[in-house]
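Please view the sequence and the model together while reading.

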Amino acid sequence: MSALRIQQGSTSHSAYDLRDYHAEVIEKHTLAVLVDNEAGVLARVIGLFSGRGYNIESLTVAEVNHDSHLSRITVVTTGTRDVIEQIKAQVGRIVPVHEVHDLTVEGPSIERELALFKVEGTGNNRIEALRLAEIFRANVVDSTLESFVFEMTGTSEKIDAFAELMRPLGLVETARTGVAALARGSHV
Amino acid sequence: MTRQMTGAKMVVQALKDQGVDTVFGYPGGAVLPVYDEIFQQNDIKHVLVRHEQAAIHAAEGYARSTGKPGVALVTSGPGATNAVTGLTDALLDSIPLVVFSGQVPTFMIGTDGFQEADTIGITRPCTKHNWLVKDTDKLSETIHQAFHVATTGRPGPVLIDLPKDVQFADGEYTPPAKAKVSHYQPRVKASIEDINNLVALIEKAERPVFYTGGGVINSGPGASQLLRELVDATGFPITSTLMGLGAYPASGKGWLGMLGMHGLYEANMAMHGCDLMINIGARFDDRITGRIQDFSPNSTKVHVDIDPSSINKIIRVDLPVIGDVGHVLEDVLKVWKSRGRKTADTSAWWKQIEEWREVRCLTYKPSETVIKPQYALERLEALTKGMDRYVTTEVGQHQMWAAQFLNFEDPNRWMTSGGLGTMGYGFPASIGVQLAHPESLVINVAGEASWLMNMQEMGTAMQYRAPVKQFILNNERLGMVRQWQQLLHGERYSSSWSESLPDFVKLAEAFGAKGIQCSDPKDLDDAIMEMINYDGPVIFDCLVEKHENCFPMIPSGKAHNEMLLGDASVEGAIKSDGAVLV
């Protein structure tokens, strides 16, 4: 056992900090990071997370402004409040980073994820899968006599719930995009 | 006006336009076009080092002693990987560097070509930023941007990777004035509320202390002047990190000496007992704080830093002030004066500090037969005091003793590897300093083990007639490792003996330099004077006491007020909690 009594995998990033980190609440935050769309920019952001021992729950990235070559990276991360603040400051000082927004604290926001599920089955299972898909507003985007591929958009929790229901009905493969998020309201 | 030229010529032109006069480097296949251009001009001096790591450390020494960015040029593959230690060193100590590396031609990238390495990938975490230039038309703008990034905000090393075909190809040169304005513009002025709040704290504090660091030096000589003015006008005590020595003069009346693991008792006790801590340009490094939970438990903490990521990273502060040290100090002084230059009575605090001073924590047991390392540095200080002197160090006990026993009156006079603790830093750094200040006395205080790590640079020192003085405190041990093994590992001295050392005098002579050996305290003054007066590089082999420990010391995992003051209190000093720390 470590003499430090810091649990392995702790997000504590200073070994000199001998405080008990478990006492602090782990929060989940969604960060939107606007970056220059230049070679290696994603590696810089990800390298920072791995190099400093931060968590990535999900990550999406695509160019959102072709004229100014700006990409938006949406990262869902977890950590104590101090760690989240540190992550924002660390990401903010990467040279090609223009803006860092913590959507979790900056006011109400919309979070959506797209997922594809391949469900194999026949008979009752197949009928049940289709019925549940309707309830969850999932679309059938591919079909054979023994399978469906469902497409679904929603919060990560909704997608988790749907996946849970599909598992006993023949879920064989899942693809998820990770979270894309925007602040609600008219302001940018 | 834009001009067509080859990429290689652009590199040289951009360096001239950026005011660069010296480049430290080592040629190789992938940078030959740039070296060809360097050959055909006389404005920029190229200094041929003997190893790429030394090129970066020399550039660091140049940068730290001049306040200008250091520039280095290395080839692809091994040239670039050899530079990695130096880049990491500069990143941790916030030293502005612009490093150029050659790369295989763009059409060969990814083929495992000869001397190909993923330099951008390898150096991404050890630079502030880096660029792979694939288009000659973009090269000059990238270089100007690189200088901007290296020197703006919190300074740091940047790297530009130059594929060979980009060096050969023609493109359009953009001068600095025409280059696009970078979106990278860190905030330098702090908010007026923060300044007002800081001034209000200054007015009320009864037990204040300034805790300053390398950020004051990076902010420029003006910042050091403002710091002196503020410290002297308020009459507050001041301590500094290893990196910040010289920003406030050692002879100043507020000076407590260095703080931290091997800092002075009075400085650490003042940090522990203060009611107001004003951190200016330091980063609560683990060498400074000791055990976090017990760090300065009763103080209001202010942190002035240009880098927001330094705030609350290790120590939670009450008042963060984000801005450049020089700008913040100027505003604080202005507001404090306009509000009537008020301070509370700090006489009781000073009385307490004087009592701590009485402990005389740097006392060591003198010897008439063996040179004590502390004595050697006391004599070096006494004999070079008042000279136009620059000091570099390697890493270990000698470095801590140098910080304790040498006094610095001005910024940019002290070059040491603080954050990364790079053995082998001091010698090449001393060459970089000497080439920037040809007429000054440049001394590298070294240990014999550290010094051997970059000893090949004797060739560089000789070639460029850099009369650097290598003052080696030779205890035939990795002294700091030995000290920790004594404290922590039951005196089992595993691999900490410097076996098979060279004869340093003969080594010096083999390079055509001067070698001096001294082992008798009575001969020391004359030997040091001989070193100073010799016009050329000197290796001074100072044979010192082999088992001396460096005190005072905060054992790892302990708090500021649990310092060890001498050998008597060493037994069992480090508990299991502290044992896993470095």
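## Basis of the model

This is a predicted model, in which local features need pLDDT of at least 70, side-chain atom pairs count only at pLDDT 80 or more, and totals for chains, interfaces and linings use all residues. Residues are numbered from 1 along each chain as its sequence is written, chains are lettered from A and ligands numbered from 1 in the order in which they are written, and side-chain values use heavy atoms, with hydrogens and water left out.

## The second largest cavity

The lining divides into ten nonpolar, no polar and no charged residues; Ala, Val, Leu, Ile, Met, Phe, Trp, Tyr, Cys and Pro count as nonpolar, Asp, Glu, Lys and Arg as charged, and the others, Gly among them, as polar. Among the lining residues are B:Leu198, B:Phe210, B:Ile280 and B:Val332.

Helix H9 (192-204), strand S12 (276-280) and helix H14 (325-338) of chain B each give two or more residues to this lining. Helices (H or I, at least four residues) and strands (E, at least two) are DSSP runs, numbered from the N terminus. H14(B) provides the largest share, three residues.

## Helix H15

In helix H15 (residues 347-357) of chain B, the buried residues are B:Trp349, B:Trp350, B:Ile353 and B:Trp356 (buried means under 20% relative accessible area, exposed over 50%, partly exposed in between, with a 1.4 Å probe and protein chains only). They lie on the same side of H15(B) because they cover an arc of only 110° around the axis, taken from the directions from the helix axis to the C-beta atoms. The face turned away from the buried side of H15(B) carries the exposed residues B:Ala348 and B:Lys351.

Terms used: On a 1 Å grid over the protein atoms alone, a cavity is a set of points where a 1.4 Å probe fits but cannot get out, and a pocket is an open set with protein on both sides within 12 Å along at least five of seven lines; lining residues have an atom within 4 Å of a point.
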